[in-house]
Amino acid sequence: EKEKELIRVSWESLGKNKVPHGVIMFSRLFELEPALLNLFHYNTNCGTTQDCLSSPEFLDHVTKVMLVIDAAVSHLDNLHTLEDFLLNLGKKHQAVGVNTQSFAVVGESLLYMLQCSLGQGYTAPLRQAWLNMYTIVVAAMSRGWAK
Ligand code: HEM
C-alpha cells in the first residue's frame, strides 16, 4: 500500500551504491553515541572518528547494514520470512556487546540519513513509514537477546 510504496521509492532514489548513505548514518550514530565505536575492535587504533569511518572493515560493516535494510525493503510484503535471520543477527550483536537500547539511536541515525539524502522528499508520512519498518526489524533482532 502507500507506506510500502514510500519506502520502496525513497530507497531506490538513494541510488545503487548505498554505502555513502550508510556512512552518513553511522557518522551520526557515533556522534550521538561515541562509545559504540569501541565495539568495533578493528577500530581501536584509529585516530579520529573520521579515520575509523573510512577503514575498510568499518565500510564492510556499513555495507552489511545497507544490505540488511535492502533485504527488508525487498521483503516488505513478507517481513516475517526474515525473522530467523534477524534473530540470529541480534544474537551476534549481543555477543559483540551491543545493547538493545542503542537500536533507538540507530533508528534516529537512519532517519537523519534519510533526511539528509532525500531533502524535500523527506516528509512526515515517509518518516513514519520508515519508522514502522525499522521497528519491525529491531523487534526481530531484539528477540536475539532473550534467554
Ligand atoms: C556484524 C557492531 C548495528 C548488521 C557486526 C560486528 C560488529 C557490529 C562489531 C562484527 C564485526 C563485523 O562484522 O564488522 C554493530 C554496532 C551497531 C550495529 C555497534 C549499532 C548499534 C547493525 C545494524 C545492522 C547490522 C542496525 C543491520 C540492520 C550487521 C551484519 C553483521 C554485523 C549483517 C555481520 C554478521 C555476521 O557475521 O553474520 N556488527 N552493528 N549491524 N552487523 Fe552490526
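Is Glu83 buried, exposed or partly exposed? With a relative accessible area of 30%, Glu83 is partly exposed, where buried means under 20% relative accessible area, exposed means over 50%, and partly exposed lies in between (1.4 Å probe, protein chains only). The model is predicted: local features need pLDDT of at least 70, side-chain atom pairs count only at pLDDT 80 or more, and totals for chains, interfaces and linings use all residues. Residues are numbered from 1 along each chain as its sequence is written, and side-chain values use heavy atoms, with hydrogens and water left out.

**Overall fold**

The chain contains seven helices and zero strands; helices (H or I, at least four residues) and strands (E, at least two) are DSSP runs, numbered from the N terminus. Read from the N terminus, the order of elements is α-α-α-α-α-α-α. The radius of gyration of the chain is 15 Å, close to the 15 Å that the globule rule gives for 147 residues, so the chain is as compact as a globular protein of that length. That radius is taken over C-alpha atoms, and the globule rule is 2.2 Å times the number of residues to the power 0.38. Along the principal axes, the C-alpha atoms fill a box of roughly 45 × 40 × 25 Å.

Of the 147 residues in the chain, 39% are buried. Among contacts (heavy atoms within 4.5 Å) between residues at least 6 apart in sequence, 73% join residues at least 24 apart. The chain exposes about 8,200 Å², of which carbon and sulfur atoms supply 57%; accessible areas come from the Shrake-Rupley method with a 1.4 Å probe, and for residues only the protein chains shown count as cover.

**The iron site**

His61 and His93 each use NE2 to coordinate the iron atom of the ligand, at 1.9 to 2.0 Å. Donors are N, O and S atoms within 2.8 Å of the metal (3.2 Å for Na, K and Ca); water is not among the atoms, so sites may look incomplete. The site of the iron atom is octahedral, with angles of 85 to 180 degrees among its six donor atoms. Six donors count as octahedral if opposite donors are over 155 degrees apart and all others between 65 and 115 degrees. His61 lies in helix α4 (residues 56–74) and His93 in helix α5 (residues 83–95), so the pair ties together parts that are 32 residues apart in sequence. Both histidines, His61 and His93, are buried.

Helix α2 (residues 19–32) has 14 residues, which should span 20 Å at 1.5 Å a residue; its end C-alpha atoms are 20 Å apart, in agreement. The expected span is 1.5 Å times one less than the number of residues in the helix. His21, Gly22, Met25, Phe26, Leu29 and Phe30 are the buried residues of α2. These buried residues pack against α3 (49–53), α4 and α6 (102–118).

**Individual residues**

Phe58 is placed in helix α4 and counts as buried at 0% relative accessibility. Ala71 is also in helix α4, but is partly exposed, with a relative accessible area of 23%. Phe103, in helix α6, is buried, with a relative accessible area of 7%. Not counting residues up to four places away in sequence, Phe103 touches Val98, Tyr134, Val138, Met141, Ser142 and Trp145. Glu83 lies in helix α5; leaving aside neighbours within four places in sequence, Glu83 is in contact with Ala140 and Arg143.

The table sets separation in sequence beside C-alpha to C-alpha distance for pairs that involve these residues.

| Pair | Apart in sequence | C-alpha to C-alpha distance |
|---|---|---|
| Phe58 and Phe26 | 32 residues | 9.8 Å |
| Ala71 and Leu82 | eleven residues | 8.4 Å |
| Phe103 and Ser74 | 29 residues | 21 Å |
| Glu83 and Glu31 | 52 residues | 30 Å |

Technical notes: Four donors count as tetrahedral if all angles lie between 85 and 135 degrees; four count as square planar and six as octahedral if opposite donors are over 155 degrees apart and all others between 65 and 115; anything else is irregular.
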